[in-house]
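Biologist: I would like to learn how to read the features of a protein model, one at a time. Could we begin with the contacts between charged side chains?

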Amino acid sequence: MTTTQLTELAHRLATINQFKTNEAGQNRLVYSPTWVEAQRQVIKWGLELGFQVSVDDFGTAYLDMPGTTEPEAVIATGSHIDTVAQGGQYDGLYGVLGGLQAIENLVTEFGRPQKTLRLISFSEEEGSRFPDTFTGSKHYTGQQVDLTMKDPAGIQFDDARKQAVIKLMLAGVHHQLPDLPDTFTELHIEQGPRLIDQGLQIGLVKSIVGQRRYTVTVKGIANHAGTTPMNDRADALQHAVDLIVALREQARRLNPDLTFTVGEMHISPNTSNVIPGLVTFTVDCRNSDEAVLDQFERLLQQTVTAPGNQRITSTANRWAKSDVTRLDRQLLENNQAIANQLGFKSIQLASGAGHDSQIMAKHTRTTMIFVPSINGISHAPAENTSQEDLLRGVELLAASLHQQAY
């Protein structure tokens with residue numbers, strides 16, 4: 001990868017990341033104005049570079065460089081264009097623009113591929129606006145998505161989807177859902193500290209952990225903070241705090257590798273002089289063993305619904321579930337051989353984060369390539385990766401796509 005190509009990648013990353021809100025970090029929640037700007041820009045670059053571009057009903061963009069002798073055989077790469085709220089500059093986006101750069105580099109050096117090379121910019125992966133994850137790759141692979149679900153502002157998924165997708169239909173863009181590819185390779189930052197802590201340059205992903213997400217709802221009785229005796233309260237927030245402490249301890253005892261996160265909480269009426277009457281909070285748990293996740297789910301339900309204060313009720317609703325995913329062994333071994341040939345220090349590992357690859361892997365041969373995250377930080381404005389590591393990831397991806405498509 002030349003200095004010019006690296007500069008072009010950096011320019012494209014900066015261009016997308018300038019589509020910002022007034023909040024900290026990146027905020028490309030699916031179908032938001034910043035999301036529309038970003039996906040339109042990716043489409044424009046594809047058209048300028050001579051790709052055949054199509055957009056599906058969910059707003060996922062497909063940029064095809066048709067093959068010369070086997071155009072029906074499709075070798076795909078890509079990732080997602082959306083972010084979490086106040087997210088980082090590389091999560092998802094690096095896989096999209098790194099994939100674009102890898103294909104552009106290959107065409108510049110070797111001409112058109114024998115098989116079709118496809119870049120996919122998935123519409124949504126994070127689950128940060130609507131209560132579902134991976135809706136872009138789910139739609140691509142034929143899974144049903146609830147079009148009636150709503151975001152916190154009460155906007156329905158289907159309404160937001162229609163209004164956003166129509167803005168992507170630029171001149172020269174086809175409106176269609178392409179056939180699934182023969183292989184899919186996702187380039188991504190690690191989002192954790194293993195590579196950076198061990199001084200490694202590349203992570204080759206063997207599997208992706210399973211994860212479950214829940215919303216716990218606690219209903220008490222709102223009352224005056226000064227006149228209600230302490231022993232006569234139905235304090236929803238205090239009960240929620242007690243539940244969180246108990247659940248975290250149960251997760252720790254069950255399996256030290258089971259991650260447990262409460263990342264979102266809402267309190268009503270959220271006033272300093274009123275005892276909270278209603279609290280909701282989320283629970284995100286992940287592990288590489290389905291049995292552990294199943295067991296924790298049983299513990300969670302038992303703990304949340306256990307009898308206690310008769311004037312307080314609590315329930316838990318699971319709204320997201322993804323199983324442990326094993327990625328393609330042959331693609332992994334091929335990428336390991338390429339990494340060795342390029343002299344990159346690498347390791348094979350499991351991903352602790354969910355990715356579109358776990359959806360794609362159920363339908364096509366799939367693999368992932370990780371590059372280090374500085375300080376292991378992701379899903380936050382401080383998310384960062386060195387230019388040298390960004391370059392290595394694109395170089396390895398390009399070599400892998402060359403092996404598959406030329």
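Predicted model: local features only at pLDDT ≥ 70, side-chain atom pairs only at ≥ 80, totals over all residues.

Modeller: A salt bridge is counted when a side-chain nitrogen of Lys or Arg lies within 4 Å of a carboxyl oxygen of Asp or Glu.

Biologist: Which residue forms a salt bridge with D151, and how far apart are the closest N and O atoms?

Modeller: The partner of D151 is R129, and the closest N and O atoms of the two are 2.9 Å apart. D151 lies in the loop between α4 (135-140) and α5 (157-165), while R129 lies in the loop between β4 (115-122) and α4, so the pair ties together parts that are 22 residues apart in sequence.

Biologist: Are D151 and R129 buried or exposed?

Modeller: A residue counts as buried when its relative accessible area is under 20%, and as exposed when that value is over 50%, with partly exposed in between. D151 has a relative accessible area of 9% and is therefore buried, and R129, at 17%, counts as buried too.

Biologist: What can be said of the salt bridge between D232 and R311?

Modeller: In that salt bridge the N to O distance is 3.5 Å. Because D232 sits in the loop between β9 (223-224) and α7 (236-254) and R311 in the loop between α8 (290-305) and β14 (313-322), the pair joins parts that are 79 residues apart in sequence. Here D232 is partly exposed, with a relative accessible area of 41%, and R311 is partly exposed as well, at 38%.

Biologist: Where in the chain do R365 and D328 lie?

Modeller: R365 belongs to strand β17 (residues 365-371), and D328 is in the loop between β15 (325-326) and α9 (329-342), so that this pair links distant parts of the chain, 37 residues apart. Their salt bridge has its closest N and O atoms 3.2 Å apart. R365 counts as partly exposed at 37% relative accessibility, whereas D328 counts as buried at 19%.

Biologist: Which residues are linked in a network of salt bridges?

Modeller: The network links R212, E290, D294, E297 and R318.

Biologist: Let us turn to the domains. How is the protein divided into domain 1 and domain 2?

Modeller: The domain assignment gives domain 1 as 3-208 + 324-405, and domain 2 as 210-322. The centres of the two domains, taken over C-alpha atoms, are separated by 34 Å.

Biologist: How should I read the place where domain 1 and domain 2 are in contact?

Modeller: One can begin with the residues, and here 13 residues of domain 1 are in contact with eleven residues of domain 2. One can then turn to the area buried between the two domains, which is about 760 Å², with carbon and sulfur atoms giving 46% of that area. On the side of domain 1, P131, T133 and V324 lose the most area to domain 2, and together they make up 48% of what that side buries.

Conventions:
Residues numbered from 1 in each chain as written. Heavy atoms only, no water. Domains from an automatic or database assignment. Contact = heavy atoms within 4.5 Å. Buried area = accessible area lost by both parts, 1.4 Å probe. Helix = DSSP H or I, 4+ residues; strand = E, 2+ residues; numbered from the N terminus. Buried < 20%, exposed > 50% of the residue type's maximum accessible area, 1.4 Å probe, protein only.
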